[in-house]
Structures are given as C-alpha cells and as structure tokens.
Amino acid sequence: MTSCERIGSWLDGYHDGELGALRSWWVTRHLEGCEGCRSELAAVARLGDWMRDAASQAPAPDLWAGVAARLPLPEPRLEPVPARRRGPRWSPWLAAPAGLAAAAVLSVLFVRPAPAPDSQPAGVVRSLNSHGRPVMVLEGKKLEAKQSGGKPDSSPTIIWMMDEQHDPNPEEVADVTI
Amino acid sequence: MSRSERAPGLLALLAVPAVVAALVFIVASSPAAAQAVRRVGLMLMVSHASQRPGPVDPAAAWLDRSLRGDFRYQSLHVLEQRHLDLRLQEIGGVVLPTGKRVSIRPLHVGDGGLLISVDIEGTLETDVRIPNRSPVVIGVDSYDDGKLIVTLEPDY
C-alpha cells in the first residue's frame, strides 16, 4: 500500500475529526507535500457540505398533496372488518402530529450537525528549536466533558521528540512505540 | 520681596515632590512592574514510559489517559515531581536521569496563560503559552527501554 493509499483511507476520518492525534498529525504532514491528497480531501469536504445542505432543506409544504394525488385509489373492501379491535383506534388527527414527531426524532438521530468551529485560541507552542531532530506537536483541545479522576478539563499539548530510528513511516505504523 | 513674588516659588517647591510621588506611584502600579514582582507556581513532573510490563503510577493516571491512544508502552512511572515557585524571568528546573538539565523560565502572565521558556540541554528550546492548570507534555529522550516525559502545569 502506497503512502497516498494509506492516507487516502484516513481522509474521511481526518475530515470528520475522528482520527487519533497521531494519525491526524501524519495526515496533516502528508497533505503539506501532496497535491493529490489535498484534492481528495477537498472532494471529501465538498461531499460533506452537499450532504449537510441536502439534509437541511425542508420538504416543500405541498409535497404530500402531490404524492397523494398520484397514489391509486383504495380498492373497495370485500371482506367485512372484524367487529373487535384490540388496540385503540388512531384518529387521523393524531396520526399527523405523531408522524411529524417521529420524523423530528429520526432527523435528530440521523442528521449530523455541522462541526462547531474550533474555539481554541492561538497555539500553545510559540517557538520551537529541536536542533534538527524530528518533533511532533499535538496541540491540546478543550474537551466537552470533564474527565473523571481529577486532572484537566482539556487534553494537553504534546511535544514529542522523535528518535531518529523511531521516526515512524505511516505505511508501517499507526501508533508510535515508545 | 513682595508676597506675590514669593508665591510661585513656594508652589514650585510643593509641586516637585508631588509630581515625583505621582510618577513613582504610576510606575509602581504599572502592569510591567506588577509582572516583575509576580510569582507563579509550576508543577513539574518527570515520568518514564517503558516497554517493560508494569503498573501506571496513580500520580500519572491523567497522563496515561492522554498518551494511551497514540503511544504504545507497558508501564508509566513518576520519577520526580516538584512544585516550582518562580518569579518572572527566574530560572528553575530539574536534572533528568540522562544528566540533561531542564531549565524553566516564566516570561509573562497574560490572558492566554503563562508564557514559559523551556530549555532541555542540547535537545529542545521552546516557548509555550499555557493556560493556568493546563499541562504541556514533552516527550524528551529514550532512556532505559522507554522514554522520559516531562510535564509542566502552571498553577498560579
């Protein structure tokens, strides 16, 4: 698997912010020097925008009237309806609000909101000289929920000096072995 | 000499100390002066992440949570933990087991947190601005089948 193929398989997750910090760092580093993968990422972003736009467009108010007009008329019932019904009978006046409520619940469950803009202020690392050694910087992010166990509300900024022999190759390594 | 001729001289005599006192007050109460005398606390921790199977030190449990997703190791031990109380521009630090000295110098306190200069002898020079009580983790050098990790957390 080439470097671009490996990175390409991570682009969806990278765009959605679902990658771990280290993979995200690798993708960022790769994108800086790869026009093809940048184009691929732009395409992923366009697709996401299109999906969000499509999901956010409300149906036309007269949509149901048009659909109902095209539906075939119900055939006359030949068999008599049984006299006893087990459940309560749904009034059409209740069915419409219930359908709307179900649609609202489904839209909440399945339509992903646009990601909130990053509220992190200017970066933590203001200057850095690693004397030529490769160094990975993972800027910390605010977390939504306070972690249990005391320490921070935010993930820490990590400055990681790579050993030369350990500078991992994204084709082989997903995580860094210390 | 008439009274009207003496009056300006007397006024000048009173005005000069008043102006000097006002200037001293302004300078002493300026943000720069306040910064110069300010002391800041810093938690400094040196840990060792190792490939040898073993426990995670409870004092480094939060660090383990931060690293575990991205780095592979078997155990995490706190080697040293100290609280530094430094004036701005004052240098404090610790010597790592490798013999390298870690020098910490707080430079400025602002809305974005504490600006600190970190110098790890021959390895890393960096300036970081860290919000209060937010740690910065620095993976430094390989050491004894693992890696030395320095963490800094302002506490002021």
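This is a predicted model: local features need pLDDT of at least 70, side-chain atom pairs count only at pLDDT 80 or more; totals for chains, interfaces and linings use all residues.
The salt bridge links R133(A) to D141(B), with the closest N and O atoms 2.7 Å apart. On the side of chain A that touches chain B, the elements giving two or more residues are helix 2 (21–32), strand 1 (125–129), strand 3 and strand 4 (176–177). By residue class, that side divides into 16 nonpolar, 11 polar and five charged residues.

As to extent, 32 residues of chain A are in contact with 34 residues of chain B. The two chains bury about 2900 Å² between them, with 53% of it on carbon and sulfur atoms.

Let me turn to the strands that cross the interface. Strand 1 of chain A pairs with strand 7 (residues 124–130) of chain B in the antiparallel sense, over four bridges. There, S127(A) has D127(B) as its bridge partner. Strand 3 of chain A, in contrast, runs parallel to strand 8 (residues 136–142) of chain B, and four bridges join them. Here I159(A) is partnered by I138(B).

Within chain A, strand 3 also pairs with strand 2 (residues 135–138), antiparallel and over four bridges; L138(A) stands opposite I158(A).

How many of the five residues of strand 3 are buried? Five of the five, residues 157–161, are buried, so the strand is largely enclosed by the rest of the structure. In a regular strand, side chains alternate between the two faces of the sheet. Both faces are covered here: T157(A), I159(A) and M161(A) are buried on one side, I158(A) and W160(A) on the other.

Terms used:
Residues are numbered from 1 along each chain as its sequence is written. Chains are lettered from A and ligands numbered from 1 in the order in which they are written. Side-chain values use heavy atoms; hydrogens and water are left out. Buried means under 20% relative accessible area, exposed over 50%, partly exposed in between (1.4 Å probe, protein chains only). Two strands pair if DSSP finds at least two bridges between them. Contact means heavy atoms within 4.5 Å. Buried area is the accessible area (1.4 Å probe) that two parts lose on being put together, summed over both. A salt bridge is a side-chain nitrogen of Lys or Arg within 4 Å of a carboxyl oxygen of Asp or Glu. Ala, Val, Leu, Ile, Met, Phe, Trp, Tyr, Cys and Pro count as nonpolar, Asp, Glu, Lys and Arg as charged, and the others, Gly among them, as polar.
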